[in-house]
Every structure is written in C-alpha cells, then in structure tokens.
Amino acid sequence: MQQPPRPSQASGPSVNGAGEISLTCCDEAATCRLAEDLAMVLAPGDCLCLVGDLGAGKSTLARALLRALADDDALEVPSPTFTLVQGYALRRFPVAHLDLYRLEDPQEADELGLDDMLETGAALVEWPERAPDHIPASRLVVRIAPAGEGDDARQVQLSWESGTWGGRIVRTLAIRALLAKAGFGLARRRYFQGDASPRRYEVITQEGRSAILMNADPAARPSSPPLRDGLSYAEIVHLPDTIDAVAAVCEALRARGLAAPALLAADLDAGLVLQEDLGRDGVLVDGRPDPQRYAAAMDVLADLHAAPPQEVLPLPAGIGGGESYRLPHFDMDAFLTEADLYPDWYLPAAGVEVTQALRAEFHALWRPLLAAAQARPQTWVLRDYHSPNLIWRGDRQGTDRIGIVDTQDTVIGPDAYDVASLAMDARVTVPRDLEAALVARYVARRQACDAGFDAAGFRHDYAVMAAQRATKILGVFVRLDRRDGKPQYLAHLPRVRDYLARALDDPALAPLRRWFAGVDEEMAALLAPGRN
C-alpha cells in the first residue's frame, strides 16, 4: 500500500529561523503528495529551490506542485530547460518556473527578472546552484535524491535559513498526519476559496470521498489590540479564539436534525478540523437568490428557533481539552461594538469627522432599540447565515436540503438576527418582494409551532437587527479594504446601504433614520422622501 511521506531524523525545525526536515517518499505518488503539501503553504514572495542530479525527480515535484496550485491535474508543465523561464498566470497568484542549468555566467540570472517575479508571485527554481548569489536568502531548498528503497523512492531534505518556512512546513506536514489518522493519508489536497476571515480551507479527496479541512492556525491569528477595558474587538463581540465552537456547534445542529457537516477528525489545539463535505451547490442560481432555496433556508431557521436554545454544548469525546463549549450571549456591548465599525471605519473613509458627541448620540439611539430585542426570548444566532455558508442539496427532503457551514461564531441572541442576515443577504441583492415573502414565511412557520409567537415584536426586532447588521457590515467592508487590503468588498457597499435604508423604513427607527441622513450623504439620498 502507498504511504504518505515519512519524516526521518533531522535537525529540529525552527518556526522563524534556520532548520531542516528530511522525509522519505517511498514512490512517485508520495513525492507528488509532498509537492501538494508544499503547494498548500506557498505564497507570493516565496522562492522554492529544487536541487538534485539529473533524473532525481525535480521535474516530478515541480509538475505536481504547479498542478496543485492550478487545481488542474492536466495542466501542461513543459520543462523550462531551453526557455529558462516558464510563467503560469494562476488564479491565486502567478508562479514562475525557472531552470538555470544552461546559464553560462551567474550574472545572466539578473536578466531573468526573478526579483520582479517575487513581488507579486512565487518562483520554482531548478539548478539554483548555477547562480547562488542571485537567489533570495529566504528561499526554501528542496534536495531530492534516490533513497535506495525502490526505483521511485526518494529522500527529500527541506532546509531554510530564514523566514517563516519552519512553521509552515511543520504545519502542512501536521495536516497530512491528521488526514492519515482520518483515513485520508493518500488524499489529494486543493486550496478552497475562503471568505473574509484568516481561516484557510482545503478540499480533500481520496477514492471518491471528499472532505473539507479548516485550517485556523493560532499563530496566524491577527493580533487584536485592546479596544476597551483591556478587551479586544474579538473578545467584546464574542468571536471565539479557539475552534472548539466549530466542533461543538456542528454536532449540536446535527443532534437537532439539521444538516451541518459531520466531524471526521480534529486537533483543536492546533486549529485543525476535518469535516464532511456537504457539496458545492449553493442557494444562488445564476448569481441570484433562488426563491425556493431561500425559502427552504428560512424554514431551517424557523425550526431551529422553535426549540429552546441549548447554551452548553458537549464537545465530541477525545478531540479537545474540555468536555463542553458554552455559547456566549449577544449582549449590549457586543451589539454596540459591532455598530461602532460604522463610525470607526466607514464614516472616516467618507470624509466625516466623528466626534465624541456624534458617537454618544449614535449609542443613545441604539440602546433602547437593542434592549427591547434582548428583552424578548432569545435563541441561537449563527451570525453568518447567508448565501456563502448555505449548501443546496436538492436530492434531499425538507430542511435536510439546506447544509449549514461556518457556524463557529454562534451566540445566544434575538431570533430576528439570522432572519435579517438571510433576507438581506450582504453578498447578493434580495429583491424587496422576495425579502417580504421570506419574512412572512418565517413568521407563519413560527406561529404554526407556537400560537403565542409575538409576530409584531418579531417584526420590530427584525428591523432593528437588519439595521444593526447593515451598519456593522458597512464598517466591516471598509475595514477589509483599508486594513486588510481586500478592496473587492467595497463593491457590496451600495447594496448594504440600500438594505440599511429598507430597515430604517420602520417608524420605530425614525430617530435613527434622521441620524444616518444627517451624517452620510449617500444614506441621505437613499432616505430622502419619495426615494423608495
């Protein structure tokens, strides 16, 4: 049976300094899996040097690595021996494949433009010893040699002198070890597009089976300075700093008969979770909300909210340091801190000076509205219940047609929050008539289960939660641009402003409506009489 690459004795790897790791690849397939492991941690600015004699396997490793990065098993990967450089304009970042074997003078390497390539992409360099002084010192060196255990067996040594290679190599090999423990040791690994969070995802496939790996490296978590009373933003708004919530919430949802991914393996301390792959079909059709699929997703919320919320969730045995996970409450500080992203990020970007008086007025308007929503019965709030996190399973029945992912930020709070998250989906425009139909469907389903359901109170809370969420998201999307270098989220701002205007149509939010119209020209135009 084929085996994953086996680590052998080597000097201890250093996360941020020099180190090396040696591995034995028992056959060509194992060498290709090692290439995939390296591809999953390769990033723009990285230079990977392939060292070995003719026929050692450098081309095999380079070809497998490029195909993994391209997610294309049939990608044509010609040898750059004669062209010296072969470029690949891949979706995530460009990659250059260089072969320096034919260089007659090391100075010729300057003409290849390696430094320019590394400004935006990564590079694979074969025969780097032909121009050693022209290769970045932060390179990863991959030495390949026959291992003497078979025709295709290879001994591979990974070494580095500086940079973050140590931590990355150790982590990607730990992921391979976790996969092996779960019966996926021979699996193919492919990058899976994530969203705005620092978490990374991979699609894992082996022999017709697939799974999703969540990689939430604690070391890669962005630092969050204290915001108030010694607490960071994440702590105030109750974003978990571990991924216990991933396992606990998914298992709790499954226990309630909902389609959350099953846990296949986990190392919670390391921030690694392997889950069932629920599929790729979403609730959008041709980029637009599908009424049938959104209606099914709304039914899931109504059924979830009909049962009393469970606050303490058990952790699956043997995967974490504790036995349970306690859901935090969506309290006033959390709501206001989220809303503050609007004056903290959005208004300054719009050229508005935010004074203490303006912020105090902002808080004073929100407090009674939020307090009223918190005074009513509370339930589970998944917080990211919208199109990117919903899977359509059309071959199933009832609520099992909707798969739910990305639930780790779940809290206890108002039932209207997730309804607003879906009916005013920030990533896609939900027409007003569909929004109204979805909310009415939710109310009817709740009333069918509970004759005492307060429909009027819920609709008031819905307007408040929709306004609070839109306010927060406007700030989040500007922050993603200004702080995190992700300008693509700015394209959603007009839609979210329109959602905010819809929510502020509620008469009970009239004072807040006047505040927004007074501070933001874009909102003032949307809120003008007769505009909608």
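Author: Let us begin with a term: buried means under 20% relative accessible area, exposed means over 50%, and partly exposed lies in between (1.4 Å probe, protein chains only). At 1% relative accessibility, Trp-380 therefore counts as buried.

Reader: What kind of model is this, and how are residues numbered?

Author: This is a predicted model, in which local features need pLDDT of at least 70, side-chain atom pairs count only at pLDDT 80 or more, and totals for chains, interfaces and linings use all residues. Residues are numbered from 1 along each chain as its sequence is written, and side-chain values use heavy atoms, with hydrogens and water left out.

Reader: What is the mean pLDDT of the chain?

Author: The predictor's confidence in each residue, from 0 to 100, is called pLDDT. Its mean over the chain is 92, and 95% of the residues reach 70 or more. Over residues 8-14, however, the pLDDT is below 50, and this stretch has 18 contacts in the model beyond near neighbours in sequence; a contact means heavy atoms within 4.5 Å. Where pLDDT is low, the predicted coordinates should not be read in detail.

Reader: Back to Trp-380: where is its place?

Author: Trp-380 belongs to strand β20. Helices (H or I, at least four residues) and strands (E, at least two) are DSSP runs, numbered from the N terminus. The side chain of Trp-380 reaches the backbone oxygen of Gln-310 at 2.8 Å. Trp-380 and Glu-311 are 69 residues apart along the chain, and their C-alpha atoms are separated by 8.5 Å.

Reader: And Asn-215, buried or exposed?

Author: Asn-215 is buried, because its relative accessible area is 10%. Asn-215 is found in strand β11 (residues 209-215). Its side chain is joined to that of Arg-171 by a polar contact of 2.7 Å. A polar contact is a pair of N or O atoms within 3.5 Å; within protein, one must be able to donate a hydrogen and the other to accept it, and residues adjacent in sequence count only if both atoms are side-chain atoms. Leaving out residues up to four places away in sequence, Asn-215 touches Arg-171, Ile-175, Arg-199, Arg-200, Gly-271 and Leu-272.

Reader: How many residues of helix α8 are buried?

Author: Seven of the eight residues of α8 (residues 332-339) are buried, so this helix is largely enclosed by the rest of the structure. Among them are Met-332, Phe-335 and Glu-338.

Reader: How do β4 and β5 pair?

Author: Strand β4 (residues 85-88) and strand β5 (residues 95-99) pair in the antiparallel sense over four bridges; two strands pair if DSSP finds at least two bridges between them. They form a hairpin with six residues between them, and Val-85 stands opposite Leu-98 in β5.

Reader: How many cavities are there?

Author: On a 1 Å grid over the protein atoms alone, a cavity is a set of points where a 1.4 Å probe fits but cannot get out, and lining residues have an atom within 4 Å of a point. Grid points are joined across faces, edges and corners, and a volume is the space filled by probe spheres set on the points. The count is two cavities of 30 Å³ or more, and the largest cavity holds about 60 Å³ of space.

Reader: Which element gives the largest share of the lining of the largest cavity?

Author: That is α13, with four residues. The lining includes Ala-420, Arg-469 and Tyr-499.

Notes:
On a 1 Å grid over the protein atoms alone, a cavity is a set of points where a 1.4 Å probe fits but cannot get out, and a pocket is an open set with protein on both sides within 12 Å along at least five of seven lines; lining residues have an atom within 4 Å of a point.
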